[in-house]
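Colleague: Could you take me through this model? I should like to ask about a few places in turn.

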Amino acid sequence: MLQAQQLSALLVTDLVNVRYLTGFTGSNAALLVWAEPGRAPVFSTDGRYVEQAAEQVPDLVAEISRDALAPLLTAAENCAAANSAAVDVGPVGFEATQLSVAVHADIRRRAPGLALQATTGLVEGLRIVKDEHEVGLLRRACAIADEALAILLEREGIRPGRTERQVARDLEWLMYEGGADGIGFETIVAAGANSAVPHHRPTSAVLAEGDLVKLDFGAQYGGYHSDMTRTFTLGSCAQWQRDTYDLVASAQQAGLDAVVPGALAADVDAAARSVIAAAGVGELFAHGLGHGVGLQIHEAPGIGSSATGTLPCGAAVTVEPGVYHARRGGVRIEDTVIVREGGPEILTVTTKELLVL
Ligand code: ZN
Ligand code: ZN
């Protein structure tokens with residue numbers, strides 16, 4: 001990867017990428033990865049994490065420094081000096097989307113002899129395809145969310161008279177009870193007109209008969225995230241609500257059908273979007289179809305109309321079309337899936353039949 005970029009090394013300062021490459025979960029660390037095959041990376045963290053580093057990163061000797069960058073800069077400079085006679089020594093890459101301008105200037109000042117080159121998405125690109133261990137963690141995160149919703153439904157926890165916040169806190173509590181390490185992101189519970197807001201934050205709004213209720217939530221397990229949206233109606237179901245639901249369900253199925261290895265992400269978006277556009281309400285679906293999911297809730301690859309990538313076998317992505325009628329209500333249906341030969345493996349298995357609660 002680094003040789004193709006003609007880099008001699010990559011300075012990894014994004015903690016999610018450090019975690020991906022080493023397994024380390026602390027809040028301060030950095031990693032220098034060499035292009036030279038077999039050369040051990042330099043891993044650095046501070047004194048709070050001596051034991052944790054030994055446990056989580058047993059294969060590397062941690063450099064302990066309050067300033068995690070310092071040992072890495074020294075190693076990179078020493079390497080550059082040792083190789084100064086060679087003509088093919090490339091610059092050291094840094095993660096341009098993560099390293100601040102201030103830190104970049106600081107590195108230039110501290111290591112003036114070091115050639116630096118901005119890079120984007122190198123480790124993120126490696127993270128797209130999940131191995132079976134990662135899929136196992138994603139599967140568990142999705143199962144925790146499915147189980148939490150099943151229990152909430154069984155207890156009739158989504159009913160008129162309760163507030164969006166109460167429903168959200170119940171779901172989150174049930175996910176923790178089910179073994180989640182954390183919630184995947186801020187839970188969305190949106191009732192009535194609020195359901196027309198794609199990323200509504202739960203309020204004290206009271207659920208009422210006849211409302212659409214949209215839940216978008218997920219669990220975190222072993223660092224991996226699940227992401228699922230289901231929409232219900234309360235007590236009754238008006239024709240426009242059922243029509244909207246059926247349309248979104250058809251679009252979601254079309255999106256899922258398009259998720260095959262090698263598919264262009266933009267084509268997958270188009271497969272779902274065209275169903276909604278054909279119904280004459282294309283402008284009511286104003287967000288991308290989905291996103292990659294893994295150590296972060298939103299990661300590569302994006303699935304939208306302007307996406308440029310493809311979906312490789314083993315990628316974890318969401319498929320989440322929605323139709324939102326302003327001030328009336330909206331429907332979104334979202335699954336987390338793994339791209340597989342022969343069609344996606346759907347990890348979020350809660351029913352997508354329209355439930356009238
Ligand atoms: Zn979601
Ligand atoms: Zn999502």
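Predicted model: local features only at pLDDT ≥ 70, side-chain atom pairs only at ≥ 80, totals over all residues.

Colleague: What span should helix α6 have, and how far apart are its end C-alpha atoms?

Modeller: Helix α6 covers residues 132-154, which is 23 residues. At 1.5 Å a residue it should span 33 Å, and its end C-alpha atoms are 32 Å apart, so the two values agree.

Colleague: What happens at the start of α6?

Modeller: There, a side-chain oxygen of D131 comes to within 3.1 Å of the backbone nitrogen of H133.

Colleague: And which residues of α6 are buried?

Modeller: Among them are V135, L138, A141, C142, A145 and L149. The charged residues E134 and D146 also belong to the buried set. An α-helix has 3.6 residues a turn, so residues three or four places apart point the same way.

Colleague: Let us turn to the metals. What coordinates the zinc ion (ligand 2)?

Modeller: Its donors are D227 (OD), H291 (NE2), E320 (OE) and E334 (OE), at 2.1 to 2.2 Å. Along the sequence these residues are spaced D-x63-H-x28-E-x13-E. H291 lies in strand β14 (residues 290-292), whereas E320 is in the loop between β17 (316-319) and β18 (322-325), so this pair, 29 residues apart, links distant parts of the chain.

Colleague: Are H291 and E320 buried or exposed?

Modeller: H291 counts as buried because its relative accessibility is 9%. E320 counts as buried too, at 8%. The cut-off for this label is under 20%.

Colleague: Why is the arrangement around the zinc ion (ligand 2) called irregular?

Modeller: The 4 donor atoms subtend angles of 78 to 151 degrees, which makes the arrangement irregular. A tetrahedral label would require all angles to lie between 85 and 135 degrees.

Colleague: What about the zinc ion (ligand 1); which atoms coordinate it?

Modeller: D216 supplies two OD entries, and D227 (OD) and E334 (OE) complete the list, at 2.0 to 2.5 Å. The angles around the zinc ion (ligand 1) run from 56 to 150 degrees, so this arrangement is irregular as well.

Colleague: Which residue bridges the two ions, and how far apart do they lie?

Modeller: D227 bridges the zinc ion (ligand 1) and the zinc ion (ligand 2), which lie 3.1 Å apart. D216 is in strand β9 (residues 212-217) and D227 is in the loop between β11 (224-225) and β12 (228-233), so the pair ties together parts that are 11 residues apart in sequence. Both D216 and D227 are buried.

Colleague: Where is T336, and which residues does it contact?

Modeller: T336 is in strand β20 (residues 335-338). It counts as buried because its relative accessibility is 0%. Leaving aside neighbours within four places in sequence, its contacts include C142, D227, V293 and L347.

Colleague: One last topic: which residues of the largest nonpolar core touch the most other members?

Modeller: Of its 29 residues, these are V259, V268, I276, L289, I303, L311 and V323. The elements giving two or more residues to this core are α8 (239-258), α9 (265-278) and β17. The largest share, 6 residues, comes from α8. A second, separate core has 22 residues, including L149, A180, A219 and L234.

Colleague: And what does V323 contact?

Modeller: Apart from neighbours within four places in sequence, V323 is in contact with residues including T244, L247, I276 and V331.

Technical notes
Residues numbered from 1 in each chain as written. Chains lettered and ligands numbered in written order. Heavy atoms only, no water. Donors = N, O, S within 2.8 Å, 3.2 Å for Na, K, Ca; no water. Tetrahedral: all angles 85-135°; square planar, octahedral: opposite > 155°, others 65-115°. Helix = DSSP H or I, 4+ residues; strand = E, 2+ residues; numbered from the N terminus. Buried < 20%, exposed > 50% of the residue type's maximum accessible area, 1.4 Å probe, protein only. Expected span 1.5 Å × (residues − 1). Polar contact = N/O pair within 3.5 Å; in protein donor to acceptor, adjacent residues only side chain to side chain. Core = buried A, V, L, I, M, F, W, Y, C linked by side-chain atoms within 4.5 Å. Contact = heavy atoms within 4.5 Å.
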